[in-house]
Amino acid sequence: MSVAARKIRLLMELRRGGVVDTRVLAAIERTPRELFVPETFQDQAYEDQALPIGRGQTISQPLVVGLMTQALEVGERMKVLEIGTGSGYQAAILARLCRRLYTIERHKPLVKEAEERFKALRLHNITAIAGDGMKGWPEQAPFDRIMVTAAATEIPQALVDQLDVGGILVIPVGSDGYAQDLIKLVKTEAGMTRESFLPVRFVPLLPGVAEE
Ligand code: SAH
């Protein structure tokens, strides 16, 4: 099967799985996932599964990327923060939907590789840094949207603080490290609304910057 045919098949699977927002589907269609996965997994780039990207980390399953992106309700004038750059795939998709995308990763080599991919794809509205995403990015706050792509045991308060009123935060939360739920938190004048919308399994959100 050709790459184009595999891609169409994947997009149909995502639609069937509940990704119906046409802007999200278009952003996924325009982002070559094969550029974000290691050489040895090239033939699986358009399968609906997570894949290893080195340093014990993974690129998320496309359906989860689609559902999380859809839940974030990103608008084209928005400033968005992602925690857990990983391969940069999720960041690349978000960057096509918003004005400016900030992304933080605790493994420096992953940041470097992701930046090269952003450059190759001419995604000039992304700023990536190595750091502890649990602390957010106070200098750039507030954010209209925040997405965390590593599992937290509790929602980091710094991220809630750096979310604008009217803002949405999407984050996998779980206590045992294996099973988590995707939480969508909406910050309002009156406080916060919180709903859980999908069981998932992400690598853990860890404090500090990783040692090389
Ligand atoms: N969004 C990525 C997949 C994320 S995997 C993609 O599209 O490929 C989760 C990533 O979160 C891992 O790379 C891990 O190193 C990173 N991570 C974990 N804790 C973190 C923290 N406190 N700050 C920043 N990144 C973190």
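Leu169 stands opposite Leu185, a residue of strand β8, in what is a predicted model. The strands concerned are β7, residues 163-173, and β8, residues 180-188, which pair in the antiparallel sense over 6 bridges. Strand β8 is also joined to strand β9, residues 191-200, by 9 bridges, and these two strands run antiparallel. A hairpin of 2 residues links β8 to β9.

Helix α5 comprises residues 108-120. Its 13 residues, at 1.5 Å a residue, should span 18 Å, and the end C-alpha atoms are 19 Å apart, which agrees. Which residues of α5 are buried? They are Pro109, Leu110, Val111, Ala114, Arg117 and Phe118. These buried residues pack against strands β1 (51-54), β2 (57-59), β4 (100-105) and β5 (126-130), as well as helix α4 (89-95). Just after α5, Arg122 adopts a positive phi of about 55°.

The ligand is surrounded by 28 residues, of which the closest are Gly84, Ser87, Glu105, Gly133 and Leu206.

| Residue and its atom | Ligand atom | Distance |
|---|---|---|
| Glu105, polar side-chain atom | oxygen | 2.6 Å |
| Asp132, N or O atom in the side chain | nitrogen | 3.0 Å |
| Leu206, polar backbone atom | nitrogen | 2.6 Å |

On its own, the ligand has 590 Å² of accessible area, and the protein covers 99% of this area.

Terms used
Residues numbered from 1 in each chain as written. Predicted model: local features only at pLDDT ≥ 70, side-chain atom pairs only at ≥ 80, totals over all residues. Heavy atoms only, no water. Pairing = 2+ DSSP bridges. Helix = DSSP H or I, 4+ residues; strand = E, 2+ residues; numbered from the N terminus. Expected span 1.5 Å × (residues − 1). Buried < 20%, exposed > 50% of the residue type's maximum accessible area, 1.4 Å probe, protein only. Contact = heavy atoms within 4.5 Å. Near = heavy atom within 4 Å. Polar contact = N/O pair within 3.5 Å; in protein donor to acceptor, adjacent residues only side chain to side chain. Areas by Shrake-Rupley, 256 points an atom, 1.4 Å probe, with all protein chains shown as cover.
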